[in-house]
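I opened this entry to go through the backbone, the strands and the core in turn. My notes follow the structure.

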Amino acid sequence: MPPSTGRTRSLKEKLAILADAAKYDASCASSGTTKRNAKASGGIGSTEGSGICHAYAPDGRCISLLKLLLTNACIYDCAYCINRVSSRIEREAFTVEEVVDLTLSFYRRNYIEGLFLSSGIIRSADHTMEQLVRVARTLRLEHRFQGYIHLKTIPDASPELLAEAGRWADRLSINIELPTERSLTSFAPEKSSRIIKSSMAHLKTGIEAAKRTPREEKTGRAKPRRFAPAGQSTQMIVGADGASDLTILTTSRTLYTSYDLRRVYYSAFSPIPDASSALPPAPPPLAREHRLYQADWLTRFYGFELSDLEGATAGGMLDLEIDPKLAWALAHREAFPVDLNRAPREMLLRVPGLGVKAVDAIVRTRRYRRMRFEDLARLTPTARKAKPFIVLEGWQPARLLDDAALRQRFIKGPSQLDLFAAPPPPIAHTSTATLPLAATTVL
Ligand code: SF4
């Protein structure tokens, strides 16, 4: 039963309230799912198309999801949450049928590619989870909906309900909420980090088991759905407690390695009305979230260890003015310049301005000829950022690395990087091999 609201609201009014209430959840990117198309199933929906964009996946793909709360009523009292039981806000709730109808009608109009559904906890964890599962099951079974579904999972829900959620959803997520157990206990007393992690472990087991199950031979029958094919993710609130960036990244590392998460989303704390005095009155700087994502990327794709990042922080906090890879390089100038024509891939990944795609393109190209700066500039738009840290045919950074004001040059803006520019030497390729134009990552 929806909570009492005093009067019956129209579906449009409910949508305004419950879509707005969902905006605090950052973990809705749909990257990583399998390709499905209604043409093959005879149903409706596809994960391959594109509609109105609401979010960007980590790979830069634009995705559109109908992002809703089933209800913004909640029996819990998490201090940082606008929907907590003690919050004086308008309460509303959808029925399962309303969410299903909205999803289908938005999909048919090509407004969305899928559904992101979360909820406050009503009555009990199991009751709430049952409602979420019913939405996904109805979409899949009754409407043969092939679009993307991300269900936010209630940690204390029964293993049977989690298992069924994984059967219908592409991605499941359970919010870890805060970086330390101490913060969770103090700000969300009804939640338990032990239970959250145990549910994550349960999802991990289901996801791994599904990966090991051999695909059925073509039989003409519809394929059974794989358990949460887009894996699981979580979200951590940044700036509500006093945890440092290094503490946050350490917790993320543990979650990635222990539960095989696809993503940890960092969500900057937003001050809320009537908040506890233990919470900060202002949000953290916007750049903090961004730097955390960059540092997270370095540990997952660039071979950086947490101990590397430690040296690039001050008091455990990342530098807000420059990205963490640049901060590390400036703190380890003895490791540079790196000869791009000879250095191992691991060292190329440490060069500021070179992303993974650029590095792979360099490795391919230098098999055939020695690279010049002009070649690098064709591979990546951030080649100039790398200039003080690299050696190439015809380019030496001279004494740039000894410049005490080098960090300042990066902060002052791109025009200052012209100081690194050498007169362009003539292009003298010795081979006809073409350069792959594949580099876009900026770290
Ligand atoms: S359980 Fe979720 S919705 Fe309820 S108060 Fe806590 S964070 Fe908010």
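Is R123 buried or exposed? I looked it up: R123 is exposed, with 12 other C-beta atoms within 10 Å. I used these classes: buried means 20 or more other C-beta atoms within 10 Å of the residue's own, exposed means 12 or fewer, partly exposed is in between, and C-beta atoms are placed from the backbone.

I am working on a predicted model, in which local features need pLDDT of at least 70, side-chain atom pairs count only at pLDDT 80 or more, and totals for chains, interfaces and linings use all residues. Residues are numbered from 1 along each chain as its sequence is written.

Backbone. R123 is not a glycine, yet its phi is positive, about 65 degrees. I placed R123 in the loop between β4 and α4; helices (H or I, at least four residues) and strands (E, at least two) are DSSP runs numbered from the N terminus. D274, also a residue other than glycine, has a positive phi near 50 degrees. D274 sits in the loop between β8 (263-268) and α9 (286-301) and is exposed, with 10 other C-beta atoms within 10 Å. I also noted a cis peptide bond from F336 to P337, with omega near 0 degrees. P337 is in the loop between α11 (324-331) and β11 (338-339).

Strand β5. I found five of the five residues of β5 (residues 148-152) buried. Y148, H150 and K152 point one way, I149 and L151 the other. In a regular strand the side chains alternate between the two faces of the sheet. β5 pairs in the parallel sense with β4 (residues 114-118) over four bridges; pairing requires at least two DSSP bridges between the strands. L115 stands opposite I149. From β4 the chain crosses through α4 (residues 125-142) to β5, a right-handed β-α-β crossover, meaning that the path from the first strand over the helix to the second runs clockwise with the strands pointing away from the viewer. β5 also pairs with β6 (residues 171-173), parallel, over three bridges, and H150 stands opposite R171. β5, α5 (residues 159-168) and β6 form a right-handed β-α-β unit.

Core. I counted 102 residues in the largest nonpolar core, where L117, L132, A136, A165, L340 and L348 touch the most other members. Such a core is a set of buried Ala, Val, Leu, Ile, Met, Phe, Trp, Tyr and Cys residues joined through C-beta atoms within 7 Å. α4 gives the most, seven residues. Domain 1 (11-213 + 225-231) and domain 2 (324-420) both contribute, so the core lies between them; the bounds come from an automatic or database domain assignment.
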